[in-house]
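Subject: Structure handover

Hello,

Here is the structure we discussed. Please take a look, then read the notes below.

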Amino acid sequence: MFSLQSIQFQQEKQYSEVQAKIKKLKQKAPKNLDAEIHSLHEKYFEKIDCLECADCCKTLGPGVKDVDIARLAKYLKIRPVQLVEQYFKLDSDGDYIFRESPCPFLLPDNYCSVYEVRPIACREYPHTDRKKFEQIYKLTVKNAETCPIVYEVLVELSEKHHF
Ligand code: SF4
Ligand code: SF4
């Protein structure tokens with residue numbers, strides 16, 4: 001396992017440099033990076049423990065859909081309208097986002113208290129295992145500010161392809 005502190009230090013130190021390199025990704029990288037990125041995704045999820053981090057749950061506001069609200073409300077045995085009133089507000093895109101940050105469902109030990117029914121956006125973050133990576137490369141560069149896994153994936157990718 002990597003030390004999270006050392007990664008965070010590296011992130012602060014090198015982020016702007018990496019960001020500049022990765023911005024060239026669209027022009028320089030091979031078109032189909034999916035297999036390579038998925039393999040790096042596996043590699044760094046093995047090395048970095050999300051339970052030592054939870055930065056996404058502490059700092060980001062996932063967009064939550066109606067289907068997520070319905071699932072959460074059922075799990076928590078409350079009415080959807082009550083759930084929304086208690087935990088959510090609407091953002092400018094019309095998505096629900098948590099009223100508070102860190103996420104109210106994050107426990108002190110970094111476990112998610114609604115893990116089985118967590119929103120789809122939480123399941124999919126940080127998106128390094130999705131198809132057609134080139135469609136989200138800007139988002140991925142942004143996510144490297146928060147997520148040490150994304151950061152390491154991009155660093156290795158940029159080193160390998162000499163960005
Ligand atoms: S920010 Fe990345 S490493 Fe940290 S908990 Fe979220 S997915 Fe895991
Ligand atoms: S619902 Fe769970 S996984 Fe999603 S942000 Fe909250 S604590 Fe994290």
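The largest nonpolar core has 18 residues. A nonpolar core here is a set of buried Ala, Val, Leu, Ile, Met, Phe, Trp, Tyr and Cys residues joined through C-beta atoms within 7 Å. Buried means that 20 or more other C-beta atoms lie within 10 Å of a residue's own; exposed means 12 or fewer, and partly exposed is in between, with C-beta atoms placed from the backbone. A144, C147, V150, Y151, V153 and L154 have the most contacts inside this core. Two or more residues each come from α3 (34–47), α4 (55–59) and α9. The largest share, seven residues, is from α9.

A word on provenance. This is a predicted model: local features need pLDDT of at least 70, side-chain atom pairs count only at pLDDT 80 or more, and totals for chains, interfaces and linings use all residues. Residues are numbered from 1 along each chain as its sequence is written, while chains are lettered from A and ligands numbered from 1 in the order in which they are written.

Helix α9 covers residues 148–160. Helices (H or I, at least four residues) and strands (E, at least two) are DSSP runs, numbered from the N terminus. Buried residues of α9 include P148, I149, E152 and L157.

Now the ligands. The shell around ligand 1 includes C50, C53, C56 and C147. A residue is near a ligand if its C-beta atom, placed from the backbone, lies within 6 Å of it. Both α4 and α9 supply at least two residues of the ligand 1 shell. That shell has 10 nonpolar, one polar and one charged residues. Nonpolar covers Ala, Val, Leu, Ile, Met, Phe, Trp, Tyr, Cys and Pro; charged covers Asp, Glu, Lys and Arg; the others, Gly among them, are polar. Around ligand 2 are, among others, C57, C103, C112, R118 and C122. Its shell has nine nonpolar residues, no polar and one charged.

Finally, the backbone. Most residues other than glycine have a negative phi, and most peptide bonds are trans. Y125 and P126 are joined by a cis peptide bond, omega about 10°. Another cis bond joins S101 and P102, omega about -5°. H127 has a positive phi of about 70°. A54 has a phi near 60°.

Best wishes

Conventions:
Expected span 1.5 Å × (residues − 1).
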